[in-house]
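Here is a short briefing to read alongside your viewer. Please keep the sequence and the model open as you go.

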Amino acid sequence: MPRMSIAEALRQAIREEMARDPRVFCIGEDIGIEGGFGGAFTVTLGLSQEFGHDRILDTPISEAGLAGVAIGAAMAGLRPIADVQYGDFLFCAMDQIANQAAKMTYMSGGTVKVPMVMRVPVGATRRGAQHAQSLEAFFTHLPGLKVVAPSTAYDAKGLLKSAVRDDNPVLVFEHKLLYGSKGPRSEKGALSPIGDVPEEEYLVPIGKGIVRREGRDVTIVGKLLTMYRALEAAEQLAEKGIEAEVIDPRSLVPLDKELILASVRKTGRLVIVEEDNLTGGWAADISAIVAEEAFFWLDAPIKRVSAPDTPAPFAPVMEEFYVPSVQQVVEAVEYTMGEG
Amino acid sequence: MATDVLVPPLGQTVDRVTLVAWYKEEGEAVAAGEALFAIETDKATLDIEAPASGVLRRVSAQPGDEVQVLSTIAAIAAADEAVDTPAPAPVRQDQAAPPEYQPEAEAATPAEALPPDRRDRTFVSPRARRLAMAQDVPLAELQPTGPEGAIVERDVRSYLDSVPAADISPVARRMATAAGLDWRQVAGSGPGGRVMRQDVERALETPRSPENEVAETIPVRSIRALIAERMLRSTLSTARVTLTAEADATALVGLRAELHEDGVAVSYNDLLLYILGRALRDHPRINASMEGDSIKVWRRIHVGLAVDTERGLLVPVVRDVDRKGLAELAQETRALAERAQAGQNTPDELQGGTFTLTNLGMYSIDAFTPLINLPESAILGVGRIKKQPVFAGDQIVARHMVWLSLSFDHRLVDGAPAARFLQRVVQLVERPHLMMA
């Protein structure tokens, strides 16, 4: 079985879907230009040679415009995969996404579908506050969108393919440090979550989370990069005799709530790790769900490990401090165990 | 000037209530008359209003705490005002007296203005509480090891591990259950003291005295617990004497029949309430309570009526019986009794009585010695009305006779005045037209 990085797995998913369905096309900034990187993070590298510039559309730096084109094309029956380089730029296209894409199916009584995929790189990578945000919570808060966040190569391919085939607008959040640690566009500090990716057709269903590591003492929920921080923390905790269960929700909307609740009912403790800012964040929502629906199973206060409520700092040492660390996860778990 | 927030008196016999909830947080502004907290008696939950406007300060009782009636559980003051009166701590069954309240500490840092009993509070995780309740583990005996000194699941588990597990094999359990045997009383011979089949067999072979055979075990809770406590207190703390007198109720029986004919449906209890209202007005010293070292003679006459309900004895109170007409009394009494049967009386309806009427006539009881319903000073027990041969002059005639039993507290009332009161009741039963005089 081939082993791929997440960038390669995403490219393979796009390739398969474009070959399968002539309505599928890509749109974005510098995604197909000759001599370019294949988007900001190499995902579409080489696809313009395979499929031509009619299906790999380069746009100017114009996020509102490219989002509008993608949404309009989707409403008219095509299946666009849009790429915004950095998730932060989605704010430029917020009206298109929040007011048009998310609401169109509801406002039309289901007669208009918006089968658009938006690929959104997130995460702090030493590029300053405007190229660093983790935006998931903004979009999980918007009814009408589906939101996925693959953290492995296998899930990246399987979820992107499911997203292309879904009749709703789907945002695919990808972490910049997970594309791979090699190649021309690898970011400093990147991980290499290279994994087996079957060549044959498979889909990862939207709405299903996964237990990445089983444990009896505490449930740690992490997504994207923080899922890896959680796994590393779990390794360290295991040396101290604390067995952590690590859950990767993979899909944020719809959320596999029952997976998290079942785990908390088992362990009685919950730590949520995310790279977004603390206040009003996605971790707060998970915390509320568990407090509401599994309160009597809790044996300790729920802890959130998030970035502080400031923009991401530019100085590398400060960014290091800003992004939730393995140590912080370990400490949060120890607190819930009464050992903090 | 700070105003103390007191637990209100709820009738003269309720001395502890459970604090259910605060509607305001400490430090929050509150207006006089706004609902401030909720308390629960054995009978009902009710909201208590803020006694003044200002900021809620010095909260010393938590939801779930038992608090003494008339104790101070908070204060309402200006935000910057020093509130330094010691706050009596809530009553806790499982704790020794809490340390003295320290006003200086509070004055210095309002943010840390928690009374000591709250600062020292041990929290229990929901999971641990759940397990402890399921396993009947006393929380007070646990060693907390959780975050912030909370009791967590493992503390409950280690307690359970430390206590020899009462265990029984499934077969033995079935046998014990079928035979109504409490297997926890059986010495186990299995590994770790496990109760085995032969242990149960042996226990069943041992002849048991009849009192061992429990048909049903009923926990003493709620109304039963309240009745038990009050009846015992009445017995232990009053100097009870019962006077009995036989009254000729023929005229009363006739009066009731006539009232019915004229469309006024009244019961004997209604008539007796009416009579008691007039008799008590004539003998105000009976309408009294002992409070500490003084006797309170009540201006108004509120007579409780003992009602047998599924949940136990309840005594709803009919107010101002001396000021109401018979029809009104009848209507009110019926409504109160119906609500008592349905368990829907408000606390107000179950308190504030100054005298009690209890009637066992419908069970063919002739006379009895009722217990005084504290803090009242007397209670009238009514027996059945029975047709009897009676001398009228030298003639034997058939009359409707009834025994009246007056139990009174000799601490407050002497025998002669009590007798005079009973005499007056007898007179009004025998000659009801005198009530019009």
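Two strands count as paired if DSSP finds at least two bridges between them; strands (E, at least two residues) and helices (H or I, at least four) are DSSP runs, numbered from the N terminus. This is a predicted model, in which local features need pLDDT of at least 70 and side-chain atom pairs count only at pLDDT 80 or more, while totals for chains, interfaces and linings use all residues. Residues are numbered from 1 along each chain as its sequence is written, and chains are lettered from A and ligands numbered from 1 in the order in which they are written.

**The sheet in chain B**
- Chain B has an open sheet of four strands in the order 5-4-2-7, with antiparallel pairing.
- Strand 5 (45–49) and strand 7 (66–68) of chain B each have a single partner strand, so one side of each lacks a neighbour in the sheet.
- On average, neighbouring strands here are turned by 45° against each other, direction ignored; axes are lines fitted to C-alpha atoms, for helices over the stretch in contact, and angles run from 0 to 180 degrees between N-to-C directions.
- Strand 4 (residues 35–40) of chain B runs antiparallel to strand 5 of chain B, and five bridges join them.
- B:A38 has B:D47 in strand 5 of chain B as its bridge partner.

**The sheet in chain A and its helices**
- Chain A holds an open sheet of five strands, ordered 9-11-10-13-14, with mixed pairing.
- Its edge strands are strand 9 (210–213) and strand 14 (303–307) of chain A, each pairing on one side only.
- Neighbouring strands of this sheet are turned by 25° on average, direction ignored.
- Strand 9 and strand 11 (residues 244–248) of chain A run antiparallel and are joined by three bridges; A:V211 has A:I247 as its bridge partner in strand 11.
- Helix 7 (residues 224–239) of chain A lies across strands including strand 10 (218–222) and strand 13 (270–277), and runs at about 170° to strand 11 of chain A.
- Helix 11 (residues 326–336) of chain A lies across strand 10, strand 11, strand 13 and strand 14 of chain A, at about 160° to strand 14.

**Where the chains meet**
- Twelve residues of chain A are in contact with ten residues of chain B (contact means C-beta atoms, placed from the backbone, within 7 Å).

**A look at A:H141**
- A:H141 sits in the loop between helix 5 (136–140) and strand 6 (146–148) of chain A.
- A:H141 and A:G281 are 140 residues apart in sequence and 9.7 Å apart in space, C-alpha to C-alpha.

Key:
Two residues are in contact if their C-beta atoms, placed from the backbone, lie within 7 Å.
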